[in-house]
Amino acid sequence: SSVTTVPVEDFQTAMADTAATGLPAEAGGSYEGWLYAATYSFEPGTSPTQMIATMVGETVKALDARGVAAADRQRVLTIASLVEREARTPEDRAKVARAIQNRLDINMKLDIDAAVAYGAGVPGTELTNDHKATDTPYNLYRRTGLPPTPIASPSLVAIDAVLSPAEGPWLFWVTVNLDTGETMFAETFTEHQNNVALLRQWQADQEG
């Protein structure tokens, strides 16, 4: 709205008509994750419905090009959105995608902060233990499985990571350098605790 000068209310009205915008039924009426992240050029007079339909259409096109069946689209976008928020490099995203799948395979909670923050409506940097103790559909510390919708618009890199995850036994990951995004992976909780200690040391160094 701020870029196009079209009122927010006009977009909300347009998005209520999911048939007109082309939002697939498997999205369950939620646009989260379905608005393809890119730079768009719209001619003056382009309707909100046309703009939204274009963004949704790009997501559908990307999934179709990768052979993702309609029944699998929402799941792929949801996992990809978690990957998008949890890692920066293509290599790390492929490993996080594997770790998420490994957890899902054994019915292990995902414990992903970014999803909790999304459900609480706060930035990840403002997440508190109180948020983690509050039960929402997105609190993956309290609920097993995936959140009900994506939590972001995933990039193609994140989508590809989900479709072709790295091979490995990892169940845990932690970013140990918040500046570089360096991420460490572990198979056991003990290994993970050692990696968390590296993050704590990095944080202490920044304060020092």
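**Contacts, burial and helix packing**

Mentor: Start with Thr-136. Leaving aside its neighbours within four places in sequence, Thr-136 is in contact with Gly-119 and Arg-143. Contact means heavy atoms within 4.5 Å.

Trainee: What should I keep in mind about the model?

Mentor: The model is predicted: local features need pLDDT of at least 70, side-chain atom pairs count only at pLDDT 80 or more, and totals for chains, interfaces and linings use all residues. Residues are numbered from 1 along each chain as its sequence is written, and side-chain values use heavy atoms, with hydrogens and water left out.

Trainee: Why is Thr-136 called buried?

Mentor: Its relative accessible area is 16%. Buried means under 20%, exposed over 50%, and partly exposed in between, with a 1.4 Å probe and protein chains only. So Thr-136 counts as buried. Thr-136 sits in the loop between helix H7 (129-133) and H8. Helices are DSSP runs (H or I) of at least four residues, numbered from the N terminus.

Trainee: What makes Arg-88 partly exposed?

Mentor: Arg-88 has a relative accessible area of 47%. Arg-88 lies in the loop between H4 and H5.

Trainee: How do you know what Arg-88 touches, leaving aside its neighbours within four places in sequence?

Mentor: By the contact limit, Arg-88 meets Arg-93, Leu-178, Asp-179, Thr-180 and Gly-181. Take Gly-181: Arg-88 and Gly-181 are 93 residues apart in sequence and 6.3 Å apart in space, C-alpha to C-alpha.

Trainee: Why are H4 and H5 called oblique?

Mentor: H4 (residues 73-86) and H5 (residues 90-105) pack at about 125°, with axes 9 Å apart. Axes are lines fitted to C-alpha atoms over the stretch in contact, and angles run from 0 to 180 degrees between N-to-C directions. Under 35 degrees is roughly parallel, over 145 roughly antiparallel, 65 to 115 roughly perpendicular, and the rest oblique. The H4 and H5 angle belongs to the rest, so the two helices are oblique.

Trainee: Which hand is the crossing of H4 and H5?

Mentor: That crossing is right-handed. The near helix is turned clockwise from the far one in a right-handed crossing, and anticlockwise by less than a right angle in a left-handed one.

Trainee: What makes up the contact of H4 with H5, by class?

Mentor: It has 7 nonpolar, 1 polar and 4 charged residues. Nonpolar covers Ala, Val, Leu, Ile, Met, Phe, Trp, Tyr, Cys and Pro; charged covers Asp, Glu, Lys and Arg; the others, Gly among them, are polar.

Trainee: What makes H5 oblique to H8?

Mentor: H5 and H8 pack at about 45°, with axes 8 Å apart. That angle is in neither the parallel nor the perpendicular range, so H5 is oblique to H8. The contact is made by Pro-90, Arg-93, Ala-94 and Ala-97 of H5 and Val-157, Ala-158, Ala-161 and Val-162 of H8. Its residues divide into 7 nonpolar, no polar and 1 charged.

Trainee: How do you know whether the length of H3 (residues 48-65) agrees with its 18 residues?

Mentor: The expected span is 1.5 Å times one less than the number of residues. For H3 that gives 26 Å, and its end C-alpha atoms are 26 Å apart, so the two agree.

Trainee: What do the buried residues of H3 pack against?

Mentor: They pack against H1 (8-16), H2 (18-21), H4 and H8 (156-163). Among those buried residues are Met-51, Ile-52 and Met-55.
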